[in-house]
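Subject: The structure I promised you

Hi,

Have a look at it first, then read on for what turned up.

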Amino acid sequence: MGKIPRAKLSFRALLLVSATIFSLHFGAASMLWPTTWGRDSGLSYPVAFMGFFLSGIFLPWLGYLAVSKGKATFYGLTRNVGRKFCLIYGGITVLALGPLFAVPRMSAASWDAVSRLFSIEAGGRAFLLSILFMLAFYLVTLWFFYQKGAIVNRVGKILVPVFLLMEIIIIAVSIYMPVGEAAGKNYALHPLGYGFINGYQTMDLICAIMFSGFIIYDLQMRLGNDTRSVNRALAVAGLLGFLIMACAQFGEMYRGSTASSVFPDLSYAKLSATLALVQLGVAGGIVFNFCLFMACLSTAIGLLAGTASFIEEASGGKISYKTASLLCFLTAFIVSCAGFEAIFTWATPILQFIYPPCIALALCHAFLNRFTGGLRAACYAAALWGLADAAAEYLKLFGVQDPGLLLALVPGYEYGLAFIWLTVAGWLCGQTLEYLHARTHENVPAI
């Protein structure tokens, strides 16, 4: 008998999934930060972009590669470490990046863009309008992600074309109508290191692993139960999606570099909005604010859908995806209306706990997925470091002076990479113990 032909994704479908991945990742931070990095780098922006590409494009793509090689979603990858790790670490991650923290940030940024666009001043009327806006924002978001199998089609066919057009206009205008000339960089670091550090802090790696759940579901609808084809399509679509994002972010960094001698003191949203206004007037302000709104909306869709997918899997199907979607919708809306500033202050340190284990999870599954002992120990070691780092930040909030003094002695701490040493040591110890355990059982004589 001949081999059964594998299912193959059409080029059109591959492009649709890739464009959706780009849109989900290209949130407000990915839209605004590169412009400021380009402004700071000036003439050195191409070198800074190379550093960013390694940590902000290649590393997050490893999240999709890890899911592809691990043949599992975010729930499955964390479950490979252990059930307790899955429920505790996985649960904290999806709730922090979903309805309790990151998504309310998206809605807050969206409201800021809308209030600027329509010149809505702070006050009682503005508060009521903000509540109504939040409700509308989350209802639109819910429509996009409520049906798990429709997310890619809805985002790819509705949001992506408009979003890409807006971004192309913004970058094209900067190429043909630059506001000034690039100056020298304004930081002491080598541009490669500067780009790497900033790209590392975007945390798109975690988002990639979270988004993979509903993207896999979509690919299964297109390819059937051919696991190998689905995983291969996921890795390829993730790569193409991040390459599209790399082009957009390179354009944003160039755009920022032209402002290095003109607007040296503006950053992030103020810098991007000012450039749009200077180059296109009122129309530029409308385009920028609309583009920012679309970026926030698409990322919120991905994060809430990823949270709902995790809840469905973690509950063993007892909580359906649609029920989990409604819970995420209500939680995010309530949190956004309750006042975001206090939540932002107290939730930010959690991100320092989340990221190290996620990198260990992705790297081990992408390159060392056969070594289960090393995987478990590396993830627990990374989590231990993340917990210590987050605890130090919380102690600062309580007024403790220099609580992270000992942590700061570890090489790489100032760049957020000190956890690597403990993670590598954990992997080596875990894999060694597993090897010795296996050898011991091999030498036990049969009774």
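Let's start with the aromatic rings: there are 29 aromatic pairs in this model, which is a predicted one. One of them joins tryptophan 111 and phenylalanine 133, whose ring centres are 5.5 Å apart. Their planes make an angle of 45 degrees, and that counts as tilted. As for the surface, tryptophan 111 and phenylalanine 133 are both buried.

There is also an aromatic cluster to look for. It is made of Trp33, Trp37, Tyr45, Phe49, Phe52, Phe53, Phe250 and Tyr254. Keep Phe53 and Trp33 in mind, as both names come back below.

Next, helix 3. It runs over residues 45-70, and at 1.5 Å a residue its 26 residues should span 38 Å. The C-alpha atoms at its ends are 36 Å apart, which agrees. Follow the helix along, though, and you will find a kink of about 40 degrees, centred on phenylalanine 53. Phenylalanine 53 is also one of the residues in the aromatic cluster. Just after helix 3 comes lysine 71, with a positive phi of about 55 degrees.

Quite a few residues of helix 5 are buried, namely Phe85, Cys86, Tyr89, Gly90, Gly91, Thr93, Val94, Ala96 and Leu97.

The largest pocket holds about 1,500 Å³ of space. It is lined by 49 residues, and the ones closest to its centre are Trp33, Arg105, Gln201, Met203 and Leu351. By class, the lining of the largest pocket has 31 nonpolar, eleven polar and seven charged residues.

The second largest pocket has a volume of about 330 Å³. Of its 18 lining residues, Ile359, Ala360, Leu363, Phe419 and Ile420 are closest to the centre. Helix 3, helix 9, helix 14 and helix 16 (419-443) each give two or more residues to this lining. How many of the lining residues are charged? There are none: the second largest pocket is lined by 16 nonpolar and two polar residues.

Leucine 363, one of the residues closest to the centre of that pocket, lies in helix 14. Is it buried, partly exposed or exposed? Its relative accessible area is 34%, so leucine 363 counts as partly exposed, since that class lies between 20% and 50%. The C-alpha atom of leucine 363 is separated by 14 Å from that of glycine 426, and the two residues are 63 residues apart along the chain.

Last, the cavities. The structure has two of them with 30 Å³ or more. The largest has a volume of about 40 Å³, and its lining is Ile170, Val173, Arg255, Ala276, Gln279, Leu280, Gly284 and Val287. Helix 12 (268-314) provides five of these residues, the largest share, and helix 8 (151-176) supplies at least two. Five of the lining residues are nonpolar, two are polar and one is charged.

The second largest cavity contains about 30 Å³ of space. Around it you will find Thr73, Phe74, Tyr75, Met210, Gly213, Gly306, Ser309, Phe310 and Glu313. Helix 12 again gives the most, this time four residues, while helix 4 (74-81) and helix 10 (204-223) each supply at least two. This lining divides into four nonpolar, four polar and one charged residue.

Happy exploring!

Conventions. Residues are numbered from 1 along each chain as its sequence is written. This is a predicted model: local features need pLDDT of at least 70, side-chain atom pairs count only at pLDDT 80 or more; totals for chains, interfaces and linings use all residues. Side-chain values use heavy atoms; hydrogens and water are left out. The expected span of a helix is 1.5 Å times one less than its number of residues. The bend at a residue is the angle between axes fitted to the seven residues ending there and the seven starting there. On a 1 Å grid over the protein atoms alone, a cavity is a set of points where a 1.4 Å probe fits but cannot get out, and a pocket is an open set with protein on both sides within 12 Å along at least five of seven lines; lining residues have an atom within 4 Å of a point. Grid points are joined across faces, edges and corners, and a volume is the space filled by probe spheres set on the points. Ala, Val, Leu, Ile, Met, Phe, Trp, Tyr, Cys and Pro count as nonpolar, Asp, Glu, Lys and Arg as charged, and the others, Gly among them, as polar. Rings of Phe, Tyr and Trp (its six-membered ring) pair if their centres lie within 6.5 Å; planes under 30 degrees apart count as stacked, over 60 as edge-to-face and the rest as tilted. Buried means under 20% relative accessible area, exposed over 50%, partly exposed in between (1.4 Å probe, protein chains only).
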